[in-house]
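Here are my notes on this one, as promised. Have the model open while you read, and go through the points in order.

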Amino acid sequence: MNARFTSFATYQDLVGYINCLLAGNSATFCYNKGDKAAWGKKVKCTIGRKTFFCEVADIGPVGVCDLNPAALLAANLPEDQELNVQGEWEWAD
């Protein structure tokens with residue numbers, strides 16, 4: 001499936017978290033807002049010619065894959081830069 005790959009905790013993620021807090025929700029609720037039961041499932045990701053495997057930690061907006069530093073490292077992408085690129089993913093067996 002096509003997706004937009006982003007680095008975890010981008011500026012937009014932090015703004016959403018702060019807005020959730022300002023709406024009166026708890027820190028735990030705001031942090032876990034997108035989490036679903038897919039935790040632990042493996043996915044195969046491809047960005048350009050780079051293919052790597054990740055483990056799902058949560059499910060957020062449709063079509064967006066937030067990559068944590070370990071996933072960025074696995075993809076040989078910079079950990080300290082904000083990522084926002086198109087790619088593809090599929091469930092791994």
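In what sense do E1 and strand E5 pair, and over how many bridges?

1. E1 and E5 (residues 84-91) are antiparallel, with 5 bridges between them. Ala3, for instance, sits opposite Gly87 in E5. On pairing, the rule is that DSSP must find at least two bridges between two strands.

2. A word on what you're looking at: this is a predicted model, where local features need pLDDT of at least 70 and side-chain atom pairs count only at pLDDT 80 or more, while totals for chains, interfaces and linings use all residues. Residues are numbered from 1 along each chain as its sequence is written, and side-chain values use heavy atoms, leaving out hydrogens and water.

3. Overall layout: the protein chain has 3 helices and 5 strands, in the order β-α-α-β-β-β-α-β from the N terminus. These are DSSP runs numbered from the N terminus (helices: H or I, at least four residues; strands: E, at least two). Of the contacts with a separation of 6 or more, 62% are between residues 24 or more positions apart; contact means heavy atoms within 4.5 Å.

4. Back to E1, which also has 4 bridges to strand E4 (residues 64-67), this time running parallel. Thr6 has Asp66 as its bridge partner in E4.

5. Have a look at Ser7, in strand E1 (residues 2-7). Ser7 is buried at 7% relative accessible area, and a polar atom of its side chain lies 3.0 Å from the backbone nitrogen of Leu83. Buried here is under 20% relative accessible area, exposed over 50%, partly exposed in between (1.4 Å probe, protein chains only). Buried residues make up 26% of the 93 residues in the protein chain.

6. Now the cysteines. How many disulfides are there? The count is 1, taking a disulfide as a pair of cysteine sulfur atoms within 2.5 Å. Cys20 and Cys30 are joined, S to S 2.2 Å. Cys20 belongs to helix H1 (residues 11-22) and Cys30 to helix H2 (residues 27-32), 10 residues apart. The torsion about their S-S bond is about -90°, so the disulfide is left-handed. Both Cys20 and Cys30 are buried.

7. Cys45 is buried at 2% relative accessibility, and Cys65 counts as buried at 16%.

Technical notes
Polar contact = N/O pair within 3.5 Å; in protein donor to acceptor, adjacent residues only side chain to side chain.
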